[in-house]
Amino acid sequence: MLAISITKGDYGRCLNLKGELDMETLATLEQAAEVQEGERQLKINLAGVSFIDSTGLRGLLEIQRRWSMKGGEVRVINPCPEIAEVFRLVGMEELLDYSDQSKVTGGEY
Amino acid sequence: MQECSQCARKTPDRSCVDCDYFMSPGPLRRKPPVPIGISLVAADGKRYAGRILVLNTMELGLETRAPVPGQYRIYLKQHLSLDVAGVPTKGKGNIHLFDIIAVYRGEETASRLGNEEYRLLTGSTGDFIEQVSQLVPAHLQDLVKERLLAELESSEIFNAMRLGKVMRYEKGRFRHLTGQADLELPLPAIENLMRQAIHRGTHCREVIVSDDGKRIFDLHGIPLDSRSGGLLAFDLTEIIEKERQMRRQEMEAYREAVAAVTNGRLQLLTSEEMVAVLSQGKELARGVVNKAADIALARNKLCSLLPAVFSARAYGMALSLTEALTNTLKHATGGEWVVRQTDEAIRVIIQDQGQGIKIKDLPKAALMRHYSTQNSLGCGFTLMLYYADKVYLTTGSRGTTLVLDFHQSASEEICSPAS
């Protein structure tokens, strides 16, 4: 299951995810992450995410690719340590933004 | 038997080389692209020049002044010589048919030309070597030719491809023309094939297994007219056995390569070896995956039953199971999972009935850290290899079995705790 709430900022939107990101739930994220006119940045907040697999990671890469084609950027914030480790393993740590210090709420894993 | 002498009188200019009385017109009759110059050596050491004009695996059509009848040895190249005997009733002028009595290849002796010798003499391979050789500088050409020929001589598939048998079918009866006379073909099958070929007026092919189930024949029926045809039969048994053997060798090579690049963490197993791995320990849970939602259920079940000592490894285990099950949905129609506990490990087993993983991609997948969309195995496999202590894999056209072992003793922290 994956639930998404949206907060708006000066930069654009922040998608706050809650649940697990995998083959089953990726479509929900892709829908919410569509590029909108005038937005420069999309934040994806993983604070409520307990699990991401390679399908989810691939989806994040694809979202980033779509945004950068329109001149925008995607920042992934607040991954739990286990998820940050997976980002590092597959060479996607550049997507992570540690400058954003929102509260980290790790998953149950 | 008087055809040749009559022909010599009436049509002295007619070529023997294309004459069906001179050498039977089976598919194995070939003319070398240019006549091959040879020497015939008689028992008393006397030498006669000659040229091979036409040949099959059992006979040579030679132009020579060597007396016929008579028996001679022909040295074709190093480690290959033939004993031949002139047939007095076949040929005219200086053209004579010679039966091949013995073929000497190094230590071996045979009663007819082997496939590679035949191809060498009939030109197809020779042409190829000639063409390849022309691409390299002149001083290296001979060396290249020598190497290629040596390779051809050692080709085991060629050796396994023993020539078959050629028969003529006419008015419901078979007559042996050339090739292995002792090749016993099931009569109903070859009759059926010939009738079919003649009825349809086209070449028909069938692969059959002998009555005792021990040999496999490749049969070709070729219609000649409305009542007769030719049957060409090849014994494939040894070729197939050779192929099996090569697959085993290939598997062995990949097994070593994969073990080397993964420091022994990934082991390719034969299905027989896998059986033991699947039954060790006791079963904790199992399930089936047919759709994406089933995967989350499977990993939640796995995490719920893990002993406390595995809690630091839970994420890696859940991720590995997810990656494996995702593959079963992507590359097969889903799969099964089983969790077992052995003395020292939690063992996660994932099986599907898909088309299998290309083994040649495994060393690459195991080495690659970062993922690319070109890699069909994706990073899922890389992640499994990172998190699991030991991975056993059996894969083939009938499906894939993947076993992931997570050791309790190796429970060093995978991720640093949140600061």
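Here are some questions and answers about this predicted model.

Reader: Which strands are the edge strands of the open sheet in chain B?
Author: Happy to start there. The sheet has six strands with mixed pairing, in the order 13-17-18-16-15-14. An edge strand pairs on one side only. In chain B the edge strands are strand 13 (266–268) and strand 14 (282–289).

Reader: Which residue stands opposite Ala285(B)?
Author: Strand 14 of chain B is joined to strand 15 (residues 335–341) of chain B by seven bridges, and the two run antiparallel. In strand 15 of chain B, the residue opposite Ala285(B) is Val339(B).

Reader: What angle does the direction of helix 9 of chain B make with that of strand 14 of chain B?
Author: Good one to check on screen. Within the sheet, the twist from one strand to the next averages 15 degrees. Helix 9 (residues 292–305) of chain B packs on this sheet, touching strand 14, strand 15 and strand 16 (345–352) of chain B. Its direction and that of strand 14 of chain B make an angle of about 165 degrees.

Reader: Which element gives the largest share of the lining of the largest pocket?
Author: The largest pocket holds about 980 Å³ of space, and 31 residues line it. Elements that give two or more residues to the lining include helix 7 (237–261), helix 8 (271–279) and strand 17 (390–396) of chain B. The largest share, eight residues, comes from helix 7 of chain B.

Reader: How many residues of the lining of the largest pocket are charged?
Author: Met251(B), Ser271(B), Thr394(B), Thr395(B) and Gly396(B) lie nearest the centre of the largest pocket. Across the lining, eight residues are nonpolar and eleven are polar. The charged residues number twelve.

Reader: Which residue in the turn between strand 1 and strand 2 of chain B has a positive phi?
Author: Strand 1 (residues 36–42) and strand 2 (residues 47–55) of chain B run antiparallel and are joined by six bridges, with Ile38(B) opposite Gly50(B). They form a hairpin with four residues between them. The turn residue with a positive phi, about 95 degrees, is Gly45(B).

Reader: What share of the residues in chain A is buried?
Author: Chain A has three helices and four strands, running β-β-α-β-α-β-α from the N terminus. A residue counts as buried under 20% relative accessible area. Of the 109 residues in chain A, the buried share is 53%.

Methods: Residues are numbered from 1 along each chain as its sequence is written. Chains are lettered from A and ligands numbered from 1 in the order in which they are written. This is a predicted model: local features need pLDDT of at least 70, side-chain atom pairs count only at pLDDT 80 or more; totals for chains, interfaces and linings use all residues. Side-chain values use heavy atoms; hydrogens and water are left out. Two strands pair if DSSP finds at least two bridges between them. Axes are lines fitted to C-alpha atoms, for helices over the stretch in contact, and angles run from 0 to 180 degrees between N-to-C directions. Contact means heavy atoms within 4.5 Å. On a 1 Å grid over the protein atoms alone, a cavity is a set of points where a 1.4 Å probe fits but cannot get out, and a pocket is an open set with protein on both sides within 12 Å along at least five of seven lines; lining residues have an atom within 4 Å of a point. Grid points are joined across faces, edges and corners, and a volume is the space filled by probe spheres set on the points. Ala, Val, Leu, Ile, Met, Phe, Trp, Tyr, Cys and Pro count as nonpolar, Asp, Glu, Lys and Arg as charged, and the others, Gly among them, as polar. Buried means under 20% relative accessible area, exposed over 50%, partly exposed in between (1.4 Å probe, protein chains only).
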